[in-house]
Amino acid sequence: MKKQVKSIIIGITFAALAIIGIQAPAMDTAADEPTPINKFTLNILEEHKAEVEKQKANDARCLAHLSDKIDEYKRIDMAKKAELKGENNSQPNTANMTSIGTYELTAYIATGNPCASGVYPTVNHTVACNSLPLGTHIYIEGYGEYVVEDTGGMGGGVIDVFVADYSSAISFGRRTANVYIVEQ
C-alpha cells in the first residue's frame, strides 16, 4: 500500500509540474536567449576553457625552459669533463689578441634566467662584465677563452665568471688575471 501511495504522489507531482510549466534546466536550442541557469553553465565552461588555454601556454613555457635546462646541464657536464682534463687552460694564439689589462675575477651561478644577451649561461664559456660589450670574446690568462654574455652589479674592472654550482663559486673567491680581447 505504501508503494502505491508513493507512486501516486510522485505521479501527481510530475503532472502538476507539467501543468504549471516548470521546465528542467536543459538548453533550449530554439530560444533566442539562454536561461539564467544556462548562462551560468556557459560562463563556467568559458572560464574553464580559459584556464585550460592558460595551462597549455604555461606547460609550453615549462617545456621550453626544461629543454634549455637539459641543454645547460649537458654543457655543464661537458665543461666539467673538459675542466678535469685541463682543456680550457690551454694557451691561445696571442697574435690575434689585445691586452686590456688586469681584471678582478669573481664567480656566479645560475639563477634560472637567461643572460642579458638572451642566452642561458654556460660553464667555461660565459662571463658577466659591465665594462665590455656583450658578445666580446675574451681570453682570461690561466682560465681560457670566454664570451661576455651577461652583465651584473659589479663595477668596472671586474669580470664575473659563470660556474657550475654554489660550492664552486665559493671556492673561486676573488682572483686577478690578465685579460685579452680575442679578435674574431
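Q: Leaving aside its neighbours within four places in sequence, which residues is Asp160 in contact with?
A: Asp160 is in contact with Thr106, Ala107, Tyr108, Thr126, Val127, Ala128 and Met154, where contact means heavy atoms within 4.5 Å. This is a predicted model, in which local features need pLDDT of at least 70 and side-chain atom pairs count only at pLDDT 80 or more, while totals for chains, interfaces and linings use all residues. Residues are numbered from 1 along each chain as its sequence is written, and side-chain values use heavy atoms, with hydrogens and water left out.

Q: Where is Asp160 found?
A: Asp160 is found in strand E5; helices (H or I, at least four residues) and strands (E, at least two) are DSSP runs, numbered from the N terminus.

Q: Which side chain does the side chain of Asp160 make a polar contact with?
A: The partner is the side chain of Thr106, at 2.7 Å. A polar contact is a pair of N or O atoms within 3.5 Å; within protein, one must be able to donate a hydrogen and the other to accept it, and residues adjacent in sequence count only if both atoms are side-chain atoms.

Q: What about Asp165, where does that one lie?
A: Asp165 lies in the loop between strand E5 (158-162) and helix H3 (166-172), and is partly exposed, with a relative accessible area of 29%. Its side chain makes a polar contact with the side chain of Ser168 at 2.7 Å.

Q: Changing topic, how many aromatic pairs does a search of the whole structure find?
A: The search finds three, where rings of Phe, Tyr and Trp (its six-membered ring) pair if their centres lie within 6.5 Å, and planes under 30 degrees apart count as stacked, over 60 as edge-to-face and the rest as tilted. One of them joins Tyr139 and Tyr180, whose ring centres are 6.2 Å apart with the planes at 40 degrees, so this pair is tilted.

Q: Which strands do Tyr139 and Tyr180 lie in?
A: Tyr139 lies in strand E3 (residues 137-140) and Tyr180 in strand E6 (residues 175-182), so the pair ties together parts that are 41 residues apart in sequence. Tyr139 is buried, with a relative accessible area of 3%, and Tyr180 is buried as well, at 18%.

Q: What are the numbers for Tyr143 and Phe172?
A: Tyr143 and Phe172 form a tilted aromatic pair, with 6.0 Å centre to centre and 45 degrees between the planes. Tyr143 lies in the loop between E3 and strand E4 (144-150) and Phe172 in helix H3, so parts that are 29 residues apart in sequence are tied together.

Q: Is Phe172 buried or exposed?
A: Phe172 is buried, with a relative accessible area of 10%.

Methods:
Buried < 20%, exposed > 50% of the residue type's maximum accessible area, 1.4 Å probe, protein only.
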